[in-house]
Amino acid sequence: MQWVNAIIQGLLTGGLYALFACGLSLMFGVMKVVNLAHGDLATVAGYIGVGIIAITHMPVLWSIPVVVLLMAVLGYILQRSVIQSAITRGELTTLIVTFGLSIIIENGLQQFFTANSRGLGVGDSFITASFSIGSQITIAWFNLAVFVLAVVVLLGLQQFMSVTRYGRLIRAVADDREAAQLSGADYRHVFGIAAAIAFGTVAIAGMCDGMITTISPTIGTDTILLFAFASVVIGGLGSLWGTLLGGVILGVAQAIGAQINPSWEQLAGYAVFLLVLVLRPQGLISQGAPA
Amino acid sequence: MTEVAQTSIRSGENLKVTRSRRNVLWSGIGALVVLVVLFGFPYYVGPGTTGIMVQGLIVLTLASMWNLLAGYAGLVSVGQQAFLGLGAYFVLIPAMHGVTPWAGLFIAAIAAGVIAIPLWWLVARLRLGYFAIATWVLAEVVMLVIEQISSVGGGTGMPLPGLSGMDPAVLTAYTYWAALIVAVLAIGGVYLLLRSKVGLVLTAIRDDERAARSSGVRVGLARMGVFVAAAVGCGAAGGVLAIEQLQVVPGTSGGVFSVQWTAEMAFAVIIGGIGTIEGPILGTIVYMVLQQALQSYNAWYLIVLGIVAIVIALFARRGLWGTLDERFNLRLFPVGYYLWSPTERRSRRRTPTHAAP
């Protein structure tokens, strides 16, 4: 029964990992940018949340849309300035710039907020509330809510991409930048919108992570970026629902690993990642060739 | 293409192809003098300065390796801390069995190179961004595996045995010489590699991978060779690090597997000038100056270094050395060719070997 419990917990964690991963996947899909600062941006979102709550004393759930909005604006600005000028200079420059941002953010957060970890909404009863199935399985309502939120975010993204004008623009620019530009689309603006969406999902992920566990300056790279990447690779590059599948598989693998030996949690997850990388490099839901 | 053809018709037999535009003898003598001065350092400066130099030489070795990877083979690795850490552990493990850490340096270099082969196989198919994060994951996996082994200290690390009997001043001097030899071998190795056929192959791949492939260049093999060579260099540097710190501590913050090592080597290369041998040297000097100037402000040097690297990556892509070279045709380590005719002494025509990456 504790195995079933581990698998259920891992499955729910997978929702959080999908939230980590979908922004990374989106930015690569649209502007071919592998954003090495992706995880640290989630941490930044978490710390913005900590700051907003400390100043305004608003409930943690209300702070989420504020943080998402702020991060989306930051995403648009960052894309239109630094990341766009890096893109025009080539992929090496893009990697250096995002890696530089990652190191700056991580060390900057450590300077300003120390290396201590903080929680979001500590003491709020809705985060700790749970229900039981039988005697062995206890599910936290909030973890379930995050999983549902992840599905809702992915559904929303899919609808946005296929129905709205901006969604079609993003897909057009991702498919053929020159042709889209000839048809009158300003690809820089479209990139900015895509970055704003990606940063918005990152903000949700960072806030949820801060509520489920804690945030500290180093989790951006140690866990979020690498877990997001592992989820993307397992699920399939460029596939939106692949990130959910990848996240769930990673989460379940980690939970099973932890069940066998508590210190095997991360190793078990990465073992599955390496297995997929070797046996099926295009990911489980394949959309085209591996990058 | 046409220009070259015209030149050869015009000046006929007088065309000359050389490695350098200046007299190589003088730069050779200069390099020798610098080496002699550097080797004599422990005799005329205090152990404090020598200790700082050791850190600089470790970063110099790492930067040269990262430059070889990213600047010449297009392999932007963010996981070189894996090989640094492995190097440190492969000095520690033999030392625990009575092998002197100085001999352990050789074991560290070879072991890191051997382990790089299966790791390469895992990431060989990935390009650029995905290669970058995948190497990062590999470094994480290497660390997690080593932390499982309790006999080498598990997650907390271990002190390095075998050097406790030495006089601290002598130990510092020996460490310095070891670091210097590793750095000189690393830079010399890169230089010779790039002047050899491998250098030509790498240039061909960089300029046009598809064309190189169709001309029979074994692209995958060349890349793997560079990956393994860089692992050897980083492994040796990690060995020196273990000796310098007299302990090996794993962990991602502050330990041998910290990504900050890769940040330091990458930023030093970008600042100094990627795709030149001189760049990492200049970049390491900038790094050391920043680090010493800001050492009382914790990690601020890394933040400033990151900002400088971003600015240079965006506005001076060839880095400090590249900018100098553009103006003065400087080249301490000539790995390309100059094509010139004596009648056109101011000709700036170069082979693609010198093109910016």
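Q: Why is A:Val272 called partly exposed in this predicted model?
A: A:Val272 has 19 C-beta neighbours inside 10 Å.

Q: Where does A:Val272 lie, and what does A:Val272 touch beyond four places away in sequence?
A: A:Val272 is part of helix H12 of chain A. Its contacts are A:Ile234, A:Ile249, A:Leu250 and A:Ala253, with residues up to four places away left out. For A:Ile249, the separation is 23 residues in sequence and 8.2 Å in space, C-alpha to C-alpha.

Q: What makes H8(B) and H11(B) roughly antiparallel?
A: The axes of helix H8 (residues 168-195) and helix H11 (residues 219-245) of chain B come within 10 Å and cross at roughly 170°. Angles over 145 degrees count as roughly antiparallel, and the pair is therefore described in that way.

Q: Which residues of H8(B) and H11(B) meet?
A: From H8(B) come B:Thr175, B:Ala178, B:Ala179, B:Val182, B:Ala186 and B:Leu193. They meet B:Ala229, B:Gly233, B:Ala236, B:Ala237, B:Val240, B:Ile243 and B:Glu244 in H11(B). By class, this contact comprises 10 nonpolar, two polar and one charged residue.

Q: Why is the radius of gyration of chain A said to agree with that of a compact globule?
A: For 291 residues, a compact globule would have a value near 19 Å. Chain A has 19 Å, so the two agree. Its C-alpha atoms fill a box of roughly 65 × 50 × 35 Å along the principal axes, and 51% of its residues count as buried.

Q: How many residues of chain A and chain B are in contact with each other, and which element of chain A gives the most?
A: In chain A, 38 residues are in contact with 36 residues of chain B. The elements of chain A giving two or more residues to this side are helix H3 (60-88), helix H4 (91-113), helix H10 (219-235) and helix H12 (265-279). H4(A) gives the most, with 14 residues. The side of chain A that touches chain B has 24 nonpolar, 11 polar and three charged residues.

Q: Which residues touch the most other members of the largest nonpolar core?
A: In this core of 205 residues, they are A:Ala194, B:Leu62, B:Ala112, B:Ile133 and B:Val137. Helix H9 (residues 187-212) of chain A supplies the largest share, 15 residues. Beyond four places in sequence, B:Leu62 is in contact with residues including B:Leu84, B:Ala237 and B:Trp261.

Definitions and conventions:
Residues numbered from 1 in each chain as written. Chains lettered and ligands numbered in written order. Predicted model: local features only at pLDDT ≥ 70, side-chain atom pairs only at ≥ 80, totals over all residues. Contact = placed C-beta atoms within 7 Å. Helix = DSSP H or I, 4+ residues; strand = E, 2+ residues; numbered from the N terminus. Nonpolar A, V, L, I, M, F, W, Y, C, P; charged D, E, K, R; others polar. Buried ≥ 20, exposed ≤ 12 C-beta atoms within 10 Å, placed from the backbone. Axes fitted to C-alpha atoms, helices over the stretch in contact; angles between N-to-C directions. Parallel < 35°, antiparallel > 145°, perpendicular 65-115°, else oblique. Core = buried A, V, L, I, M, F, W, Y, C linked by C-beta atoms within 7 Å. Rg over C-alpha atoms; globule rule 2.2 N^0.38 Å.
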